[in-house]
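Thanks for coming, everyone. I'll keep this brisk. Have a look at the structure, and then we'll go through it.

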Amino acid sequence: MDLALKFRPIIEQAMQTVDDATALDAVNLFPKWEVGKVYAPKTRVRYNNILYSVLTEHTSQSDWTPDNAPSLFAKVLIPDANVIPEWEQPDSTNPYMTGDKVKYNGVVYVSLIDNNVWSPEAYPAGWEEVE
């Protein structure tokens with residue numbers, strides 16, 4: 001047996017314990033999402049090279065892909081506190097939290113509230129421009 005294949009399950013299991021910033025630096029070390037597999041909450045999987053966190057226990061189905069089932073999966077959005085990502089529309093399952101910084105239309109903003117799912121344009125009171 002190829003040594004890499006032998007250790008792959010051990011590596012995938014160990015990766016479940018790292019923080020999101022570390023996880024997003026090593027997405028390829030997480031298990032690929034599979035149809036017909038039982039997923040436990042807080043397990044992270046990759047789908048189309050994007051990291052998702054499982055929200056609720058379920059057995060996966062072909063039409064419940066991580067990018068198409070927001071009640072089952074949340075995309076990991078804030079990879080690193082030292083890198084300011086472009087704003088993405090979050091779901092209620094992966095909102096921006098107080099202190100999270102994003103770039104929106106070329107301007108850096110910091111979230112003033114927890115569970116922020118609005119853009120700086122849609123809800124200006126939830127964001128402060130950072131100079």
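Is R8 buried, partly exposed or exposed? Its relative accessibility is 25%, so R8 counts as partly exposed. Bear in mind that this is a predicted model.

Stay with R8. Its side chain forms a salt bridge with E12, and the closest N and O atoms are 2.8 Å apart. Why can these two meet? Both sit in helix α1, residues 3-15, four residues apart, so about one helical turn separates them. E12 is buried, with a relative accessible area of 19%. The cut-off for buried is under 20%, so E12 falls on the buried side.

How many salt bridges does a search of the whole structure find? Three.

Next one. R44 pairs with D20, with 2.9 Å between the closest N and O atoms. R44 belongs to strand β2 and D20 to helix α2, residues 20-25, so this pair ties together parts 24 residues apart in sequence. R44 is buried, at 5% relative accessibility. D20 is partly exposed, at 36%.

Now the remaining pair. E88 and K75 meet through their side chains at 2.7 Å, N to O. This pair links distant parts of the chain, 13 residues apart: K75 is in strand β5, and E88 is in the loop between β5 (73-75) and β6 (101-104). Both ends are partly exposed: E88 at 32% and K75 at 25%.

Back to β2, where R44 sits. Which of its faces are covered? Both are. R44 and R46 are buried on one side, V45 and Y47 on the other. As a general point, side chains in a regular strand alternate between the two faces of the sheet.

β2 runs antiparallel to β3, and four bridges join them. One detail of the pairing: Y47 has I50 in β3 as its bridge partner. Two residues lie between the strands of this hairpin, and N48 takes a positive phi near 55°.

On to the core. Which residues make up the largest nonpolar core? There are nine: W33, Y39, V45, Y47, Y52, V54, A69, L72 and F73. In soluble globular proteins, nonpolar side chains tend to be buried together.

Finally, pick out L72, one of those nine. Set aside its neighbours within four places in sequence. L72 is then in contact with S53, V54, L55, T56, H58 and W64.

That's my tour. Over to you.

How values were computed:
Residues numbered from 1 in each chain as written. Predicted model: local features only at pLDDT ≥ 70, side-chain atom pairs only at ≥ 80, totals over all residues. Heavy atoms only, no water. Core = buried A, V, L, I, M, F, W, Y, C linked by side-chain atoms within 4.5 Å. Buried < 20%, exposed > 50% of the residue type's maximum accessible area, 1.4 Å probe, protein only. Contact = heavy atoms within 4.5 Å. Pairing = 2+ DSSP bridges. Salt bridge = Lys/Arg side-chain N within 4 Å of Asp/Glu carboxyl O.
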